[in-house]
Amino acid sequence: MKPIFLVVLALILTTNCFGQNTDSKKEILFDGTDLSQWVVPDNNVFWLIEDSNLWAKSDPEKTGSILWTKNSYKNFSVQLDFKFGEGTVDSGIFMRGDDEKNAQIQIGESGSLKRDMTGSPYVPKLSYPVEAEGIKELLKMDDWNTMKATAEGNTYTAWLNGVKVMTYTLKDANLEGPIGIQLHPNRDMSIQFKNISVETLD
């Protein structure tokens with residue numbers, strides 16, 4: 001009886017493992033080859049693919065740009081790797097839009113506060129309602145970093161390099177919309193991204 005029990009147990013464990021893989025809701029947004037998942041702006045000079053990385057670079061007029069996903073999302077987790085380039089980097093991930101009913105998870109320096117606010121939520125009309133914790137020790141200024149940001153209902157959570165750094169709940173938040181990556185206007189800067197993906201949570 002014992003060998004039969006072990007065989008049955010092994011089959012159950014194997015089935016559960018494969019079941020988790022087949023139920024994955026992960027979607028690749030940028031795999032290093034193209035921007036087919038994104039709405040690329042007309043006369044694009046801001047978003048360039050070089051050596052399988054996505055570069056955001058300011059134009060001479062410092063116009064700024066937001067790269068939006070073609071799809072909209074409700075509850076989701078977005079993850080990407082980023083590396084600072086030149087200039088004063090002011091970027092971030094828009095979570096469902098860019099108005100006062102949406103939070104943007106900051107990457108780099110805040111133009112208004114004149115200091116790094118990576119991982120903190122920026123909300124129009126509210127500025128930075130909370131500040132991410134432990135960023136100084138976690139953030140690698142000259143190497144790749146991994147940012148994960150989750151939107152579940154009206155609560156936003158951020159992780160930097162595997163460590164949870166922020167949770168914030170926004171009253172009357174918009175609960176559906178596209179994901180955006182920002183190249184801030186009025187900045188002379190560059191930043192690169194890779195391994196961009198989203199996982200739906202509902």
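Student: Hi! Where is the place of asparagine 186?
Tutor: You'll find asparagine 186 in the loop between strand S14 (177–183) and strand S15 (189–200). Strands (E, at least two residues) and helices (H or I, at least four) are DSSP runs, numbered from the N terminus.

Student: And what's this model, by the way?
Tutor: It's a predicted model, where local features need pLDDT of at least 70 and side-chain atom pairs count only at pLDDT 80 or more, while totals for chains, interfaces and linings use all residues. Residues are numbered from 1 along each chain as its sequence is written, and side-chain values use heavy atoms, with hydrogens and water left out.

Student: Is asparagine 186 buried or exposed?
Tutor: Asparagine 186 counts as exposed, at 59% relative accessibility. Exposed is over 50% relative accessible area, buried is under 20%, and partly exposed is in between (1.4 Å probe, protein chains only).

Student: What about the phi of asparagine 186?
Tutor: Its phi is near 60°, which is positive, and asparagine 186 is a residue other than glycine. Serine 52 isn't a glycine either, and has a positive phi of about 70°.

Student: Where is serine 52 found?
Tutor: Serine 52 is in the loop between strand S3 (47–50) and strand S4 (53–57). Serine 52 is partly exposed, with a relative accessible area of 46%.

Student: New topic: which strand is aspartate 90 found in?
Tutor: Aspartate 90 belongs to strand S7 (residues 90–95). Aspartate 90 is buried, at 3% relative accessible area.

Student: What does the side chain of aspartate 90 make a polar contact with?
Tutor: The side chain of glutamine 106, at 3.0 Å. A polar contact is a pair of N or O atoms within 3.5 Å; within protein, one must be able to donate a hydrogen and the other to accept it, and residues adjacent in sequence count only if both atoms are side-chain atoms.
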